[in-house]
Amino acid sequence: MRILLVHPSVLMYSELYLRLEPLGLERVASALRADGHDVRMLDLQVYGHRDYFAALEELRPDAVGLGLNYLANVPEVVDLAKATKAVAPRCKVFVGGHSVSFVAERVLEHGAGAIDAVLRGEGEPSASALVRALVDGGLEKVPGAVGNGTVGPPPEVVHSLDEHLPARDLGGRRRRYFIGVLDPCASVEFSRGCPWDCSFCSAWTFYGRSYRQLSAEAAAEDLARVREPGVFLVDDVAFIKPEHGMAIGREVERRRIRKQYYLETRADVFVRQPEVFAYWKRLGLNYMFLGIEAIDDEGLEAFRKRSTTEVNARALRIARDLGIQVAVNLIVDPSWDEKRFATVRDWAVSMPEIVHLTVQTPYPGTETWHSEARRLTTRDYRLFDIQHAVLPTTLPLPRFYEELVKTQAILARKHLGVAALAQTVGILARQLAHGQTNFARMIWKFSRVYDPERQLADHRRDVVYELPEPPPAHAAAPERRSLYVHVPVRLRQQAVSGAGDGRTPRGETAN
Ligand code: B12
Ligand code: SF4
């Protein structure tokens, strides 16, 4: 069959700091190709809707698969499905990805028949069976498939992550993918899942707290195929197992692969095994993202971060010693007042690291959805991008956004300002010489993207599609496993070590 896979447009944040290749879609494409399908891909982060309709006209696909990792993209994806059926009524439309896996029935409802099926969970194992079933029937037998009136067996995980390496040849305009100064930048995956269980996060509920790895050979093989000089590691928590990180590093060295890396990890993982990160520093790791989340222990406890401010501070000291530039994230509580914003600003400007702020947002599939969603002030999907307040704010909303943007502006000036710019002049000159303008554009775009008026105006838009109703007040707290997309039924891989020591929770393995 001829299949067109599509990633929706960028959200607010990606306008500024990053825009990354749709790795999940590329892996699904690879699995479909392995089954003999003719697959094309279009990423609307770097192409326009007009290109999409031109592609529909030109390719006349039998099926269109829309990626829905981000809740805020739901309205765009539903409207694209409807517009697709309007111009190509015989074309099958299916949707898959992280967020839609938690709200599949609701999204089918919004589609009013324009979406033929949602594939919950990982796409590689069942995408091919799904497209065949859409044509030949039997959707109710496809693991993870939810149709209009049918629900298949539970979703399956891919047999081995070494299979179906991303089909990077399918995308176009790859030079538009970047993160900060890594411009252009590709994405690579070394592992999948997370064994921790932070209350605000859906990464662990999606994978049923499983944690799996690519073999060192496959990881290095994928890296070797990347042409871009920059690489973003998409792993939720990089190098949980030090021996895995070291083994990949040795393969990278053996193959003489030289890149610049940006990764995300936890402060406690970092301080426990700095030697892995020191080794990767030698291999080109220059930037690292640490999910600090809160500046006091009460905040960390509330998020069930299972780490402490002391560990966080130690992580920052070690990173500075290693010469790895760190960006940290703090979660803005909607209850913050002017005084709290000022405390956070003082804390953030007192340190050399880049500080990002994201607004606390209860996502379906998280524990906070069950505890907080009844307090939502809006169910407009578009506002669920962790840059908008969807819970009641203590400050009047306009004041809240003023404080938020003022804080973000101060933090951005800190690392995008004149002093920082002076340090990056060399990088900029090199990039411009190669026609790379993403990073340069980012530096001047801040005030257009972050504007309290713009954020407030987003709340006043007409709402067509709304998130599902929150669970009723009398509903008991959910059994944790009921949140899982991939339900762990038996241990398939080694559990993550250190269980019960209060540092690394035990990882489980999905079906
Ligand atoms: C890498 C990443 C990014 C990259 C995105 C790269 C890209 N363009 O896709 C960047 C850094 C840009 C990013 C940004 C954001 N992210 Co992000 N991101 C991730 C992360 C860590 C990994 C995703 C990934 O690449 N995984 C590896 C690939 C192989 O897996 P995958 O994409 O999930 O794909 C698999 C399945 O989902 C499925 N699938 C995916 N697409 C499709 C399509 C079809 C048709 C089918 C059948 C199946 C299918 O099959 C794939 C293979 O198994 C996830 C956490 C996670 N563990 O998923 C968060 C996550 C998805 N991000 C999240 C958020 C909140 C954001 C931001 C909104 C944050 C912000 N405001 O800054 C932005 C918005 C991004 C945007 N659209 O512009 C949340 C989503 C919350 C939600 N419910 O919406 C997550 C879950 C993190 C979290 N723990 O909260 N993100
Ligand atoms: S450690 Fe990171 S990925 Fe894992 S549950 Fe916590 S926030 Fe999510």
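Me: What classes of residue make up the shell around ligand 2?
Reply: This is a predicted model. In it, the shell around ligand 2 has 7 nonpolar, 1 polar and 3 charged residues.

Me: Which residues surround ligand 2?
Reply: Cys194, Trp196, Asp197, Cys198, Cys201, Ala203 and Trp204 are among them. Asp236, Val237, Arg266 and Gly291 also belong to the surroundings of ligand 2.

Me: Now ligand 1. How many residues are around it, and which come nearest?
Reply: There are 39 residues around ligand 1. Gly24, Gly65, Gly96, Glu122 and Gly123 come nearest.

Me: Which elements give two or more residues to that shell?
Reply: Helix H1 (23-34), strand S4 (63-67) and strand S5 (92-96) do. The largest share comes from H1, with 5 residues.

Me: And by class, what is in the shell around ligand 1?
Reply: It has 21 nonpolar, 12 polar and 6 charged residues.

Me: Where does ligand 1's shell sit relative to the domains?
Reply: It lies between domain 1 (2-147) and domain 2 (177-459), because both give residues to it.

Me: Let's switch to the largest nonpolar core. Which of its residues touch the most other members?
Reply: Val107, Val118 and Leu130 do, out of 132 residues in that core. Helix H5 (residues 127-136) gives the most to this core, with 6 residues.

Me: Where does this core lie relative to the domains?
Reply: Domain 1 (2-147) and domain 2 (177-459) both give residues to this core, so it lies between them.

Me: Back to Val118. Leaving aside neighbours within four places in sequence, what is it in contact with?
Reply: Val118 is in contact with Phe94, Val95, Gly96 and Val100, among others. Its contacts also include Ala104, Val107, Leu108 and Val146.

Me: On to strand S12 (residues 230-233). Are its faces covered or open?
Reply: Both faces are covered. Gly230 and Phe232 are buried on one side, and Val231 and Leu233 are buried on the other.

Me: How many bridges join S9 to S12?
Reply: There are 4, and the two strands run parallel. Cys185 stands opposite Gly230 in S12.

Me: What about S12 and strand S13 (residues 260-265)?
Reply: They pair in the parallel sense too, over 3 bridges. Tyr262 in S13 is the bridge partner of Phe232.

Me: Which peptide bond is cis?
Reply: The one from Asp183 to Pro184 is cis, with omega near 5°. Pro184 is in the loop between strand S8 (178-179) and strand S9 (185-188).

Me: Why point that out?
Reply: Most peptide bonds are trans, and most residues other than glycine have a negative phi.

Me: What is the phi of Arg60?
Reply: Arg60 has a positive phi of about 45°, although it is not a glycine. Arg60 lies in the loop between helix H2 (49-59) and S4.

Me: And the phi of Arg173?
Reply: Phi of Arg173 is near 50°, also positive. Arg173 is in the loop between strand S7 (145-147) and S8.

Me: Is Arg173 buried or exposed?
Reply: Arg173 is exposed, because it has 12 other C-beta atoms within 10 Å.

Me: Last one. Where is Arg481?
Reply: Arg481 is in the segment after helix H18 (452-459).

Key
Residues are numbered from 1 along each chain as its sequence is written. Chains are lettered from A and ligands numbered from 1 in the order in which they are written. This is a predicted model: local features need pLDDT of at least 70, side-chain atom pairs count only at pLDDT 80 or more; totals for chains, interfaces and linings use all residues. A nonpolar core is a set of buried Ala, Val, Leu, Ile, Met, Phe, Trp, Tyr and Cys residues joined through C-beta atoms within 7 Å. A residue is buried if 20 or more other C-beta atoms lie within 10 Å of its own, exposed if 12 or fewer, and partly exposed in between; C-beta atoms are placed from the backbone. Domain bounds come from an automatic or database domain assignment. Two residues are in contact if their C-beta atoms, placed from the backbone, lie within 7 Å. A residue is near a molecule or strand if its C-beta atom, placed from the backbone, lies within 6 Å of it. Ala, Val, Leu, Ile, Met, Phe, Trp, Tyr, Cys and Pro count as nonpolar, Asp, Glu, Lys and Arg as charged, and the others, Gly among them, as polar. Two strands pair if DSSP finds at least two bridges between them.
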